[in-house]
Amino acid sequence: MEAISVLDIFKIGVGPSSSHTMGPWRAAQRFLEHLRTLGLLERCVRVRTDLYGSLAKTGRGHATDMAVILGLSGEDPVTCEVEGLMARVEAIKSSGRIRLRGEVDAEFDSDADLVFNFDKVLPYHANGIRFTALLDDGRRIVQTYYSVGGGFVVQEGEKPTGARAVSLPFPIEVAEDITNHCRARGLDIPDIVWANEQRWRSDDETRAGLWKIWRVMQECMHRGCHTDGILPGGLEVTRRARGIHDKLIADDATPETRRNIKAWIDAIKCSGRRFDQVLRWVSAFALAVNEENAAYGRVVTAPTNGAAGVIPAVMLYTWCFTPCDEDKIIQFMLTAGQVGILFKKGATISAAMGGCQAEIGVSSAMAAAGLTQVLGGSVGQVLMAAEIAMEHHLGMTCDPIGGLVQVPCIERNTMGAMKAILAASIAMDSDPSKARVSLDGVIRTMWATAQDMQAKYKETSEGGLAVNVSVGIIEC
Ligand code: SF4
C-alpha cells in the first residue's frame, strides 16, 4: 500500500510558496540529478525551464524564478543561507552564466531560459514545469514535472501523491481506518502513527526529525516577532507581528528574550493569559511565520508555505497556554501530520487544485486535531475537531493580490489558527457519536468543492481580491 510519512508533510524550506517555490526548486534539483545519473551533466551547456498554468500565472510573485535558479545552481532549500538569496539570484541573472549543481558552467539568459507560459496548462496538473537541457553535441534532454502541493513533486508518469510503497502496520487511507485501528487495539492516534513511522526510520531519528521541525518553527516565530519593515514584492505590506509582540511582551522584553528562544517563550508564558492577550499572541505567532515566509525566510511547510503559520501558532499556544510537555508536542505533530496525510490522499493540499481551503483549511484541520490530542480528547473528538475546522473553510478561494503570498494569505493564517483552537474547544465539549458530519465526509466534500471551483480561484490571481483590490484600496 502507498504510504506518506509525517516527515513528508512537515518539511523545512524557504518561503514564499511550497508549490511555487519549494516544488520547482526540488524539480530543478531532480532534473540535474537525472542528467548526472545519465552521465550527461558535464555535457550540458544550457538549461531552459518552461513554467505552465498556475506556476506561470503566479510564479513571479511566488518567487518561482528564484527557486528554479537556485535549484539549478545547486543550493538546497533546507541548508542554504537565506540571507541574501535574492542578491545571489540577481548576480546569476546579470552574469549570464550559471553553475549547474555548483559544478558545471553553463550559459544562462533569464529571459530566454526561464519562460512563463501564461496561456498553457499541461494536462496532468495545474503546476507544470518542463526542463530542456541542451548538450554540447546538440542533443536535448527533456523532462516534465508537476508540483502537486506542499512541496511534493512528481515526474510525468509517476504516482500523483508523492506516496511511497511501504508496508505499514496500520495502513490508513481514510479517517475511518484510524478509528478502526485505534478501537481494535485500544490505542490513540499518535500510537498508530508512531508505529507507522517506525517503518521508515528508528524512533530516535523520528523524534529528532520532529524536534528539529519544532525548533525551526520556534526560530521562525522568534525572528518574525523581532523583525519589522516592509515586505518585498512591491505591495508595500508592513510587517505587523513585531508591533503586536512588543506591546504584549512590554516589560518582560530583555536582551535575553531577543537572543534566546527559551527565555523568550518563558516571558510569553508570564505575560498574561486574558482572552484578549492570548488571542493577540496567537495572531502574532501566525503573522510572524507568514511575514518571514513572504520575505523568503526559512519556514516549515505545514502542509504548505502559504499556510505555514497556522500549526506553529497553535503549537506555541499549546506550549505556552495549556498543560504541555515535550511528549505532547510530539503527539501534536504526529496527529496533525496524519490528518494532513488524509487530506493529501483524499483530496488535495494544492491551492492550484483546490483553492485556499486546501491550504489554510487543511492546516487548520491539522492543528485542531493536534491540539485536541494534547488536551486529552478521544479519538473521535480528535477527528471531530479536524472535521469542524475544515467544515468552516469549505469553498475558500485562493486569490492572492499581485500573485504575492501576502494578502490575504498572512492574515488568513491567524484566522486558521483561531478556528483550530475553537474547533478543538467545541470538539472537547461534544460527543462525537452524535456528530452529523464525519471527517471523511468533509474531506470528500472539500474535494468535490475543489473540482467545482472555477479555475480563476485556484492560485491564478485572476479572481477575487486579486482583481478587486488595487494597491490596497477595495474597488467594490
Ligand atoms: S490565498 Fe491561501 S492558498 Fe492562495 S496563496 Fe494565499 S494562503 Fe496560499
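This is a predicted model: local features need pLDDT of at least 70, side-chain atom pairs count only at pLDDT 80 or more; totals for chains, interfaces and linings use all residues.
Figure 1. The axes of α9 and helix α13 (residues 275-294) come within 8 Å of each other and cross at roughly 90 degrees. An angle of 65 to 115 degrees counts as roughly perpendicular, so α9 is roughly perpendicular to α13. On the α9 side the contact consists of C220, M221, R223, G224 and C225. These residues meet A284, F285, L287, A288, V289, E291 and E292 of α13. Sorted by class, the contact of α9 with α13 holds 8 nonpolar, 1 polar and 3 charged residues.

**Figure 2. Loop between α9 and α10, with E236.** Helix α9 spans residues 203-225 and α10 spans residues 241-249, and E236 lies in the loop between them. E236 is not a glycine, yet its phi is positive, at about 60 degrees. Most residues other than glycine have a negative phi.

**Figure 3. Packing of helix α14 with helix α17.** Helix α14 covers residues 310-321 and helix α17 covers residues 360-374. Their axes come within 8 Å and cross at roughly 20 degrees. Angles under 35 degrees count as roughly parallel, and α14 and α17 are therefore roughly parallel to each other. The crossing in which α14 passes α17 is right-handed. From α14 the contact takes V310, I311, V314 and T318. From α17 it takes I360, S363, S364, M366, A367, G370, L371 and V374. The contact of α14 with α17 has 8 nonpolar residues, 4 polar residues and no charged ones.

**Figure 4. Contact between domain 1 and domain 2.** The domain assignment divides the chain into domain 1 (13-155) and domain 2 (169-467). Their C-alpha centres are 29 Å apart. Across the boundary, 26 residues of domain 1 are in contact with 32 residues of domain 2. On the side of domain 1 that touches domain 2, at least two residues each come from β2 (11-14), α2 (18-37), α3 (54-57), α5 (85-95) and β8 (140-149). Of these elements, α2 gives the most, with 4 residues. By class, this side of domain 1 has 9 nonpolar, 15 polar and 2 charged residues.

**Figure 5. Cis peptide bond between G15 and P16.** The bond from G15 to P16 is cis, and its omega is near 15 degrees. P16 is placed in the loop between β2 and α2. Both β2 and α2 supply residues to the side of domain 1 that touches domain 2. Most peptide bonds are trans.

**Figure 6. Cis peptide bond between V407 and P408.** V407 and P408 are joined by a cis peptide bond with an omega of about 10 degrees. The loop that holds P408 lies between α18 (379-391) and α19 (409-428).

**Figure 7. Residues around the ligand.** The ligand is surrounded by 13 residues. The closest of them are G306, A351, C356, C398 and C409. The shell around the ligand divides by class into 9 nonpolar, 1 polar and 3 charged residues.

Terms used
Residues are numbered from 1 along each chain as its sequence is written. A residue is near a molecule or strand if its C-beta atom, placed from the backbone, lies within 6 Å of it. Ala, Val, Leu, Ile, Met, Phe, Trp, Tyr, Cys and Pro count as nonpolar, Asp, Glu, Lys and Arg as charged, and the others, Gly among them, as polar. Axes are lines fitted to C-alpha atoms, for helices over the stretch in contact, and angles run from 0 to 180 degrees between N-to-C directions. Angles under 35 degrees count as roughly parallel, over 145 as roughly antiparallel, 65 to 115 as roughly perpendicular and the rest as oblique. A crossing is left-handed if the near helix is turned anticlockwise from the far one by less than a right angle, and right-handed if clockwise. Two residues are in contact if their C-beta atoms, placed from the backbone, lie within 7 Å. Domain bounds come from an automatic or database domain assignment.
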